[in-house]
Amino acid sequence: STDLIQKAYAFAKKDCEGKDPSHDFFHVQRVATLAVSLAQKEGVEDLELVEIAAVLHDVKDYKYSGDENAAKVSLSEFLSSVEYPEDKAAKVIHIVTNLGFKKELSADASSKTSYPELAVVQDADRLDAIGAFGIARAFSFGAAKNHPIYDPESKPRTQITEEEYGRKVESCTVNHFYEKLLKLKELMQTKTGKEMAEKRHQFMEQFLEQLYLEAEGS
């Protein structure tokens with residue numbers, strides 16, 4: 001229902017308070033809009049569940065809460081308080097807790113289950129991590145952590161485990177493109193997501209080319 005979705009937006013907005021611009025409420029809104037659009041194009045039936053999961057996808061995110069269980073606990077309480085059906089609530093929680101890139105690096109990543117609702121929310125979140133907004137968000141997050149924009153002496157980590165990715169490393173933001181953002185195109189799950197990712201990926205590559213030219217004094 002519209003009332004339920006409005007409550008989810010209000011809950012997510014409150015959770016965004018104090019977060020830097022890379023994970024603010026505008027990001028949440030973009031991901032929710034993208035997820036619903038992808039769901040419609042991909043023929044996913046439960047658009048309400050998709051929108052709710054997308055709106056709540058960053059609630060108590062471990063990058064900010066530092067607690068792997070915080071999201072599950074917070075979402076269980078919220079969904080129960082708005083009397084969202086238990087089976088659907090379980091699905092929303094599963095989507096939110098299995099979205100992150102960190103999960104792709106875990107040892108059992110290849111055996112993970114996916115289903116249409118998870119696929120569209122995951123693709124939507126990843127699409128907002130690449131392209132023009134992806135670039136802007138990467139440097140916003142880097143600035144919030146006081147990371148340098150580019151350090152020619154600092155090389156990206158090529159093979160990263162889930163534990164290493166979770167561990168904060170003082171690295172320049174440009175390395176984040178190689179450690180995560182440029183890998184996302186290949187991880188898209190839906191046909192529409194894959195098509196949209198192409199253009200955004202190319203834009204990031206052009207940006208990096210220009211950045212290196214300027215770094216060399218061109």
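The buried residues of helix 9 are covered by elements that include helix 2, helix 4 (62-65), helix 11 (173-179) and helix 12, where helices (H or I, at least four residues) and strands (E, at least two) are DSSP runs, numbered from the N terminus, and where contact means heavy atoms within 4.5 Å. This is a predicted model, in which local features need pLDDT of at least 70 and side-chain atom pairs count only at pLDDT 80 or more, while totals for chains, interfaces and linings use all residues. Residues are numbered from 1 along each chain as its sequence is written, and side-chain values use heavy atoms, with hydrogens and water left out.

Which residues of helix 9 are buried? They are Gly 131, Gly 134, Ile 135, Arg 137, Ala 138, Phe 139, Phe 141 and Gly 142, with buried meaning under 20% relative accessible area, exposed over 50%, and partly exposed in between (1.4 Å probe, protein chains only). An α-helix has 3.6 residues a turn, so residues three or four places apart point the same way. The length of helix 9 can be checked too, because its 14 residues at 1.5 Å a residue should span 20 Å, and its end C-alpha atoms are 20 Å apart, which agrees; the expected span is 1.5 Å times one less than the number of residues.

Two packed helices are described by the angle between their axes and the distance between the axes. Helix 9 (residues 131-144) and helix 12 (residues 191-215) pack at an angle of about 50 degrees, and their axes are 7 Å apart; here axes are lines fitted to C-alpha atoms, for helices over the stretch in contact, and angles run from 0 to 180 degrees between N-to-C directions. Helix 9 and helix 12 are therefore oblique to each other, since angles under 35 degrees count as roughly parallel, over 145 as roughly antiparallel, 65 to 115 as roughly perpendicular and the rest as oblique. On the side of helix 9 the contact involves Gly 131, Ala 132, Ile 135 and Phe 139, which meet Arg 200, Phe 203, Met 204 and Phe 207 of helix 12. The residues of this contact divide into six nonpolar, one polar and one charged, where Ala, Val, Leu, Ile, Met, Phe, Trp, Tyr, Cys and Pro count as nonpolar, Asp, Glu, Lys and Arg as charged, and the others, Gly among them, as polar. Lys 199 also lies in helix 12, and at 67% relative accessibility Lys 199 counts as exposed. The C-alpha atoms of Lys 199 and Gly 131 are separated by 7.5 Å, although these residues are 68 residues apart along the chain.

Ala 32 is found in helix 2 and is buried, with a relative accessible area of 1%. Ala 32 touches Tyr 9, Ala 54 and Val 55, not counting residues up to four places away in sequence, and the C-alpha atoms of Ala 32 and Val 55 are separated by 5.5 Å.

Asn 146, in the loop between helix 9 and helix 10 (162-166), has a positive phi of about 60 degrees although it is not a glycine, and Asn 146 is exposed, with a relative accessible area of 68%. Glu 83, in the loop between helix 5 (70-81) and helix 6 (86-97), has a positive phi of about 60 degrees without being a glycine, and Glu 83 is exposed, with a relative accessible area of 72%.

Taken as a whole, the protein has 12 helices and zero strands, and 47% of its 218 residues count as buried.
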